[in-house]
Amino acid sequence: MASSTNLNTKVLAALTRLEDTLSRLNDRGSSPPQDHMQQSDTTDSSTKNSIEEITQDASNISLSSPSLLANNTPPLEHTHITHYKTQPPSLIEAYTLLSTASQYIHATSTKYTLVSKIDYQTQGGNLALELRKGIELLSTATLSIYSPESGCGRSVKRYVKQYSRGVLASVISLLQAFHDGEALIGGKENQVGPQKTGAVWSACDALQQLPKGNRNAMRRECMTWLRDCMESITEFEDMMNNGEREEVNDDGDYDGDYEEEMYTAKEKTIVKAAINVMKCSKNVLGLVLKACDCVGDLSESDCKEHTQKQRLEMLQWISQLHELAREIGESVTNFGVLLYPPLDLESDATTSEFTLAKQLTCQLERIEQCVSYIYEPCTPISNMSIKSCMSEEVVEAVEKLKNGVKARTAEVQSAMLLS
């Protein structure tokens, strides 16, 4: 019995170490191919790496996190992709392996909970080993996608890491509940085990909805940023319609009744300009989706005019554009949190600028950089023009956005001067 109990403990400790390893996987970098990286076989579970081997392989992939926008452009060595819509066979196998692993963990977690309530030490220990095997299968597939040979970009890796770690965390939580005795006390009335198992099921089901391939993963990220933009625009426009708050008097108090979600007349001018920057950000993100598809279709077309090297450069262009879009999408939240009333318009002692003004200015610079990147699209190494593949809709939208950025910049500067 002692050895069986120790088996449960060992499995829990091993999965905890693995969780720490996966948490440190770097989805922004890449390293030279590793010769010793083992390839997964979706039909033969005997080829799975052990947790020790997985941990060693993970340490050889990438753990650094360099600055994304060094020299105004995402560095090429950190954004390699080799496919867009089309998924290579090795990637399809990795996704199949992920699916197989999640189904195996889903079924085994149910058995583990039912059996451990009766015989945690012996049969529970054996099923803990089975859960470990499922996690090893899951982790091997994850590392396969993280390897440079997969040709996957940051978006794919980010989602694979997020969903895989979700499954692993839920399994650790299940094992921990039995290890601590929380799921064993109280007889049939104790619902801790079923609840933890339900969490494992949810994590496994979520893994099945993983966006597959570079295009799908990039689009899901862009659509998430677009949704965030639209929600922020709606929220602050509604607050703008709440009326006006009185200005602060000389004593530092408000002359009228203070309403938490109301702006002063001066603040409204700033918030209106900020909302327009959000709208501009939203429009650019929508443009990025269309521009990426235009170049992606060209990179994977049957046209014989372009060499394989040129096609890879087109994919690199897509990857870099998406990273510029990431900066725009994620930064909307950064300046959005500064828009809740009352606005903090105190000067920053180090820059003599309003913090909000600095955020808005930086966002407009990001938008201008992204629009310029689409306006004259050229491959990053050979500088080959790929403007001809852009649709008329994209070309027209770029022209409008170039003018829009200038208007938004003047609007922000004017609003800040009035404040």
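Before anything else, a note on axes: they are lines fitted to C-alpha atoms, for helices over the stretch in contact, and angles run from 0 to 180 degrees between N-to-C directions. I also jotted down that helices (H or I, at least four residues) and strands (E, at least two) are DSSP runs, numbered from the N terminus.

**Ground rules.** I am looking at a predicted model, where local features need pLDDT of at least 70 and side-chain atom pairs count only at pLDDT 80 or more, while totals for chains, interfaces and linings use all residues. Residues are numbered from 1 along each chain as its sequence is written, and side-chain values use heavy atoms, with hydrogens and water left out.

**Overview.** I found eleven helices and zero strands in the protein chain. Of its 419 residues, 47% are buried (under 20% relative accessible area; exposed is over 50%, partly exposed in between; 1.4 Å probe, protein chains only). I then looked at contacts (heavy atoms within 4.5 Å) between residues at least 6 apart in sequence, and 79% of them join residues at least 24 apart.

**Helices 7 and 9.** I checked this pair next: their axes come within 10 Å and cross at roughly 25 degrees. Helix 7 and helix 9 are therefore roughly parallel (angles under 35 degrees; over 145 is roughly antiparallel, 65 to 115 roughly perpendicular, the rest oblique). Their crossing is left-handed, meaning that the near helix is turned anticlockwise from the far one by less than a right angle (clockwise would be right-handed). On the helix 7 side I noted Trp225 and Phe236 among the contact residues, and on the helix 9 side Arg326 and Glu330 are included. The contact residues divide into eight nonpolar, five polar and three charged.

I zoomed in on Ser232, which lies in helix 7. Is Ser232 buried or exposed? At 15% relative accessibility, Ser232 counts as buried. Setting aside neighbours within four places in sequence, Ser232 is in contact with Met278 and Val332.

**Helices 5 and 6.** The axes of helix 5 (residues 154-179) and helix 6 (residues 192-208) come within 8 Å and cross at roughly 170 degrees. That is why I call helix 5 and helix 6 roughly antiparallel to each other. Helix 5 passes helix 6 in a left-handed crossing. Their contact residues divide into 13 nonpolar, six polar and one charged.

**Cores.** I looked for nonpolar cores (sets of buried Ala, Val, Leu, Ile, Met, Phe, Trp, Tyr and Cys residues joined through side-chain atoms within 4.5 Å). The largest has 62 residues, and Val288, Trp317, Leu321, Phe335, Leu339 and Ile374 touch the most other members. Which helix gives the most to this core? Helix 8 does, with 18 residues. Not counting residues up to four places away in sequence, Phe335 touches several residues, including Ala274, Met278 and Leu360. Apart from this core lies another, of 46 residues, among them Leu22 and Leu168.

Most residues other than glycine have a negative phi, and most peptide bonds are trans. I spotted a cis peptide bond joining Pro341 and Pro342, with omega about -5 degrees. Pro342 is in the loop between helix 9 and helix 10. Asn383 is not a glycine, yet has a positive phi of about 60 degrees. I located Asn383 in the loop between helix 10 and helix 11, and at 55% relative accessibility Asn383 counts as exposed.

How values were computed
Nonpolar A, V, L, I, M, F, W, Y, C, P; charged D, E, K, R; others polar.
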